[in-house]
Amino acid sequence: MSALETQLAAFAEAANNPSAVLDEHIAAGKRVIGVGPYYIPEELVHAAGAVPFGVWGRVGTAKEAKKYFPPFYCSICQMTLEMGMEGTLSKLSALMTTGLCDTLRAASQNFKVGIQIPQIYVSQPQNRTCASGRQYAVTSYIETKRKVEEAAGQVITDEALSASIKLFNEWRHAIREFVKLAGTHAGEVSVANRLAVINAGYYLEKEKHLAMVKELNAALAALPESTDGKKKVVLSGIYEDIPAITEILESNGYAVVADDLAKESRAFAMEVSESGDPLEALADGYCSLSGDSVLYDPKKLHVSKVVDLVKESGAAGVILLLAKFCDPEEFEAPVLVKALKAEGVPVVTVEVDQQTESYEQARTQLETFAELLG
């Protein structure tokens, strides 16, 4: 096994075994706080001496959660509740969620009843650009800070929060650089490798993941580009990490040269100022976000962002991974598809769901799309 393969294997080990990583944190005496979608201020968790740990559901079948949710509910919410009810989340000191979509907002109440660990609801304004929206975000983060301190058992100082903001900014910069390098080195970084590197960041301590990513970036930057013979695409949607989808993308020779996924590039797109009051800076970082289907976007900047991403990355087409029963994505999908087609960009829409058992229809769609891209 080459040095690069060894590096990639370390990411896969963490990404594919989150429960083992969680146990390592607990054994090290760390408190761990779960963080769900979207834009959770993880810096608060880190500044409190705890470990932020990603909770975005899982692939499987909801059984107990069906007692709380109708069948047309988003699978991320269903499977997160399922994990909580079966005890998978019991080692967490708390679970943080937002209400940035109608489904999450309602689900937060069910989580309180069905998941027997403390809940930290992060209320964020949809209208982020006005003064009152910004003040709402600051006030909400003050309350969030108090609840995180309670769950972590440690007071968050301004100094600690400033240090966490600096670390997370560096981490976001490094993982964004990895996304670019992975896109130009598809011969070395498979679709599964790319996903594992990103997902590992949801479970490992940020300091450790940052060091691993920086080392990997340096190794990739020293190699020539390797996308010959690959079908270069942009992925858009909420999430990609369905094993069946990953396998189909790899078997058909796709290279993910860029993405606009909520669990991937959108999750580390934010920049937070490292000057001034750190809590206000954290709120301002959220309020400065734009071009996202789950955020208030009256000018549909998200649509133009995806179109620009195709041009910038040199992608041959777009694969829209449409999360089943995700209202924000489903409402916007027709507008996005229309805009891409107007620019002459081939696009295919594939429905994904954490509870779907067979993806044979998706296989046919993606095989046909690969042939179209040549």
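Predicted model: local features only at pLDDT ≥ 70, side-chain atom pairs only at ≥ 80, totals over all residues.
**Close-up 1. Strand 1 meets strand 3 in a parallel pairing.** Look for Gly34: its bridge partner in strand 3 is Leu95.

**Close-up 2. Helix 5 has a bend at Ser108.** The bend comes to about 30 degrees. How far apart are the end C-alpha atoms of helix 5? They are 19 Å apart, which agrees with the 18 Å that 13 residues (102-114) should span at 1.5 Å a residue. The buried residues here are Thr103, Leu104, Ala107, Ser108, Asn110, Phe111 and Gly114. An α-helix has 3.6 residues a turn, so residues three or four places apart point the same way. As for what the buried residues of helix 5 pack against, that's helix 4 (75-85), strand 3 and strand 4.

**Close-up 3. Tyr38 and Trp56 make an edge-to-face pair.** The ring centres are 5.6 Å apart and the planes sit at 85 degrees, over the 60-degree cut-off, so the pair counts as edge-to-face. Tyr38 comes from the loop between strand 1 and helix 3 (42-47), while Trp56 comes from the loop between strand 2 and helix 4, 18 residues apart. Buried or exposed? Tyr38 counts as buried at 7% relative accessibility, and Trp56 is buried with a relative accessible area of 7%. Ring pairs also bring in Tyr202, making a cluster with Tyr38 and Trp56.

**Close-up 4. Phe53 and Tyr203 form a tilted aromatic pair.** Their rings are 5.0 Å centre to centre, with 45 degrees between the planes. Phe53 lies in strand 2 and Tyr203 in the loop between helix 8 (191-200) and helix 9 (206-221), so the pair ties together parts 150 residues apart in sequence. Both Phe53 and Tyr203 are buried.

**Close-up 5. Glu264 is a buried loop residue.** You'll find Glu264 between strand 6 (254-261) and helix 11 (278-287). Its relative accessible area is 2%, so Glu264 falls under the 20% cut-off for buried. Setting aside neighbours within four places in sequence, Glu264 is in contact with Arg194, Leu195, Ile198, Glu240 and Asp259.

Note on methods:
Residues numbered from 1 in each chain as written. Heavy atoms only, no water. Pairing = 2+ DSSP bridges. Helix = DSSP H or I, 4+ residues; strand = E, 2+ residues; numbered from the N terminus. Expected span 1.5 Å × (residues − 1). Bend = angle between axes of the 7 residues up to and from the residue. Buried < 20%, exposed > 50% of the residue type's maximum accessible area, 1.4 Å probe, protein only. Contact = heavy atoms within 4.5 Å. Phe/Tyr/Trp six-rings, centres within 6.5 Å; stacked < 30°, edge-to-face > 60°.
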